[in-house]
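Please look over the sequence and the structure before reading on.

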Amino acid sequence: MSTTVVGRRELGRFLAVAQQRFGQGEAPAEMFSPAVDAEWHRLLSTPDYPAFSAEHAGAVLGHREVKGFGPIAWVAAYEKAYGPLPEIWFTDAKGVLDQAALARYRETGTVVAEWDCSPTSGDGDDEAVPATR
């Protein structure tokens with residue numbers, strides 16, 4: 001399966017988990033994967049994004065730049081729905097796998113990472129996708 005196909009599948013799963021978090025009143029999901037985030041940014045700039053988001057999340061989720069570092073709070077919800085995170089979550093935008101981060105996840109079941117964006121509920125408080133991405 002190509003990186004683009006896997007990235008798009010994982011983006012759909014991420015949006016579904018993100019919407020679940022919004023529905024439960026939890027904080028937005030942290031987008032920590034440069035590879036999945038790159039696919040999100042590619043799709044955001046197309047007319048296909050609203051339908052894709054609605055299909056996976058049941059709503060059109062927006063995008064906001066939010067920088068942070070720490071435990072990724074949504075991993076357990078993802079695993080309950082889909083199983084363990086695949087390697088693409090530990091891959092950079094150039095396709096290079098972070099072996100150490102993947103090994104830590106497999107050993108501990110937790111992810112501690114940096115992120116620079118997260119979804120929003122799409123209620124108009126979204127920021128535009130930066131042109132530099």
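## Salt bridges

A salt bridge is a side-chain nitrogen of Lys or Arg within 4 Å of a carboxyl oxygen of Asp or Glu. In general, side chains of opposite charge can pair when their charged atoms come close. The structure shown here is a predicted model, and six salt bridges are found in it.

## A pair between two helices

Glu 39 and Arg 8 form one of these salt bridges, with 2.7 Å between the closest N and O atoms. The two residues are 31 residues apart and link distant parts of the chain: Arg 8 sits in helix H1 (residues 3-23), while Glu 39 sits in helix H2 (residues 34-44).

Are the two partners buried or exposed? Glu 39 counts as buried because its relative accessibility is 1%, and the cut-off for buried is under 20%. Arg 8 has a relative accessible area of 31%, so this residue is partly exposed. The pair also belongs to a network of salt bridges that links Arg 8, Glu 39 and Arg 42.

## Two further pairs

Arg 21 forms a salt bridge with Glu 26, and here the closest N and O atoms are 3.4 Å apart. Arg 21 is buried, with a relative accessible area of 8%. Glu 26 is partly exposed, at 35%.

Another salt bridge joins the side chains of Glu 87 and Arg 106, at 3.8 Å from N to O. Glu 87 counts as partly exposed, at 39% relative accessibility. Arg 106 counts as exposed because its relative accessibility is 58%, and exposed means over 50%.

## The nonpolar core

In soluble globular proteins, nonpolar side chains tend to be buried together. The largest nonpolar core in this model has 33 residues. Which of them touch the most other members? They are Phe 32, Trp 74, Leu 85 and Trp 89. Two or more residues of this core come from each of H1, H2, helix H3 (49-57), H4, H5 and strand S2 (112-120). H1 gives the most, with six residues.

Phe 32 shows what such contacts look like in detail. Leaving aside residues up to four places away in sequence, Phe 32 touches Ile 72, Trp 74, Leu 85, Trp 89, Phe 90, Val 111, Ala 113, Glu 114 and Trp 115.

Definitions and conventions
Residues numbered from 1 in each chain as written. Predicted model: local features only at pLDDT ≥ 70, side-chain atom pairs only at ≥ 80, totals over all residues. Heavy atoms only, no water. Helix = DSSP H or I, 4+ residues; strand = E, 2+ residues; numbered from the N terminus. Buried < 20%, exposed > 50% of the residue type's maximum accessible area, 1.4 Å probe, protein only. Core = buried A, V, L, I, M, F, W, Y, C linked by side-chain atoms within 4.5 Å. Contact = heavy atoms within 4.5 Å.
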